[in-house]
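User: I have a protein model to go through. Can we take it step by step?

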Amino acid sequence: MSWEAKVEKLMSITEGEVFEKATLQSLWKLMNNGYIDTFEFPISTGKEGNVFRARRKDELIAVKIYRINTATFRSISKYLMYESPQKVKKDRRSIIFAWALKEFNNLKKLYNAGVRVPEPIAREGNVIVMEYIGTEEQPAPLLKDAPLENAEEVFEKIKKYLHLMFHKAALVHADFSEYNVLMHNGEPVIIDVGQTVSRDNPMAMEFLQRDVKNIVRFFKKYIEVDEQEVLKYILEG
Ligand code: ATP
Ligand code: MN
């Protein structure tokens with residue numbers, strides 16, 4: 001198939017979304033290597049990227065595509081804005097690639113540590129292929145939107161995952177809240193680990209405190225929880 005035909009095919013299955021050439025190349029590579037067969041629909045369209053539902057044979061998968069020309073690129077790498085445009089363009093791409101690789105590697109570490117996250121499947125450039133969380137009908141809702149009948153149980157699981165994350169994967173999520181937990185069959189699944197840092201990061205404790213504060217604030221609507229107790233539980237070996 002010609003390059004133009006490949007692009008056209010990708011455009012039609014991604015509902016007219018405009019992608020950079022580097023993104024199309026990554027997508028095409030993943031399709032050629034059998035990781036993605038067809039795109040179905042966008043699950044989420046954000047400033048920094050999109051998540052699509054796709055299919056690999058009969059299996060549903062999720063494909064996260066980081067935008068290379070993201071408007072919020074400044075927050076990822078401020079200093080590059082002062083470089084020459086050509087260099088910025090080149091470095092932008094490699095920085096976004098590194099960012100996607102970081103998320104993919106964090107998913108692997110967490111998955112192997114027993115934290116319930118989408119299973120990582122493949123990474124190419126700025127594209128991550130992972131396990132799809134949801135049903136044939138619809139993607140799993142965020143914790144913030146999900147009906148919560150067993151808040152106590154769900155919170156215990158989340159606490160356990162944060163403990164495993166800290167001690168077994170040696171990571172701190174750093175953007176943890178009801179916006180980055182999916183609820184699937186009554187079970188919490190943690191997502192969005194691009195910004196996740198090593199426990200050794202000088203900011204790790206600050207991030208962990210903020211993560212705990214966020215999730216405790218949310219669960220206080222349902223159950224009695226104490227921020228300091230939760231933090232102590234997570235930090236204890
Ligand atoms: P946002 O700024 O919208 O939070 P993001 O860049 O932080 O986007 P994610 O949080 O990883 O990206 O994913 C965006 C949305 O896509 C999630 O809120 C969730 O609804 C959906 N999503 C992400 N990963 C999966 C998955 N593996 N299965 C199903 N849905 C997913
Ligand atoms: Mn998110």
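User: In what order do the five strands of the open sheet lie?

Analyst: This is a predicted model. The five strands make an open sheet with antiparallel pairing. From one strand to the next, the twist averages 25 degrees. The order is β1-β2-β3-β5-β4.

User: Which strands stand at the edges of that sheet?

Analyst: An edge strand has a single partner strand, so one side of it is left without a neighbour in the sheet.

User: Which residue in β5 is the bridge partner of proline 120?

Analyst: Start with the two strands. β4 and β5 (residues 127–131) run antiparallel, and four bridges join them. Proline 120 has its bridge partner in β5. That partner is methionine 130.

User: At about what angle does α2 run to β5?

Analyst: Helix α2 covers residues 21–32. This helix lies across β1, β3, β4 and β5. Its angle to β5 is about 40 degrees.

User: Is serine 26 buried or exposed?

Analyst: Serine 26 sits in helix α2. Its contacts, leaving out residues up to four places away in sequence, are Glu124, Gly125, Asn126 and Val127. Buried means under 20% relative accessible area. Serine 26 has 5%, so the residue is buried.

User: How many residues apart are lysine 29 and glutamate 124?

Analyst: These two form a salt bridge, with the closest N and O atoms 3.6 Å apart. Lysine 29 is in helix α2 and glutamate 124 is in strand β4. The pair therefore links distant parts of the chain, and the separation is 95 residues.

User: Are lysine 29 and glutamate 124 buried, partly exposed or exposed?

Analyst: Lysine 29 has 44% relative accessibility. Glutamate 124 has 23%. So lysine 29 counts as partly exposed, and glutamate 124 also counts as partly exposed.

User: Why does the salt bridge of glutamate 103 and lysine 64 tie together separate parts, and how far apart are they in sequence?

Analyst: The side chains of glutamate 103 and lysine 64 meet at 3.0 Å, N to O. Both residues are buried. Glutamate 103 lies in helix α4 (residues 85–112) and lysine 64 in strand β3, so the parts tied together are apart in sequence by 39 residues.

User: Which residues does the domain assignment give to domain 1 and domain 2?

Analyst: The chain is assigned two domains, domain 1 and domain 2. Their C-alpha centres lie 25 Å apart. The contact takes 15 residues from domain 1 and 15 residues from domain 2. The bounds are 3–131 for domain 1 and 143–235 for domain 2.

User: Which residues in domain 1 lose the most area to domain 2?

Analyst: The two domains bury about 1,300 Å² between them. Carbon and sulfur atoms hold 66% of that area. On the domain 1 side, three residues together account for 38% of what that side buries. They are Leu110, Ala113 and Arg116.

User: How many salt bridges are counted between domain 1 and domain 2?

Analyst: Side chains of opposite charge can pair when their charged atoms come close. Across the whole structure, a search finds twelve salt bridges. Between domain 1 and domain 2, the count is one.

User: With which residue does aspartate 192 form a salt bridge?

Analyst: Aspartate 192 is in the loop between β8 (187–190) and β9 (197–198). At 22% relative accessibility, aspartate 192 counts as partly exposed. In its salt bridge, the closest N and O atoms are 3.2 Å apart. The partner is lysine 64.

User: What is the phi of lysine 57?

Analyst: Lysine 57 is found in the loop between β2 (49–56) and β3. Lysine 57 is exposed, with a relative accessible area of 70%. This residue is not a glycine, although its phi is positive. The value is about 55 degrees.

User: Is lysine 232 buried or exposed?

Analyst: Lysine 232 forms a salt bridge with glutamate 236, the closest N and O atoms being 3.8 Å apart. Glutamate 236 is partly exposed, at 43%. Exposed means over 50%. Lysine 232 has 54% relative accessibility, so this lysine counts as exposed.

Definitions and conventions
Residues numbered from 1 in each chain as written. Chains lettered and ligands numbered in written order. Predicted model: local features only at pLDDT ≥ 70, side-chain atom pairs only at ≥ 80, totals over all residues. Heavy atoms only, no water. Buried < 20%, exposed > 50% of the residue type's maximum accessible area, 1.4 Å probe, protein only. Contact = heavy atoms within 4.5 Å. Pairing = 2+ DSSP bridges. Axes fitted to C-alpha atoms, helices over the stretch in contact; angles between N-to-C directions. Domains from an automatic or database assignment. Buried area = accessible area lost by both parts, 1.4 Å probe. Salt bridge = Lys/Arg side-chain N within 4 Å of Asp/Glu carboxyl O.
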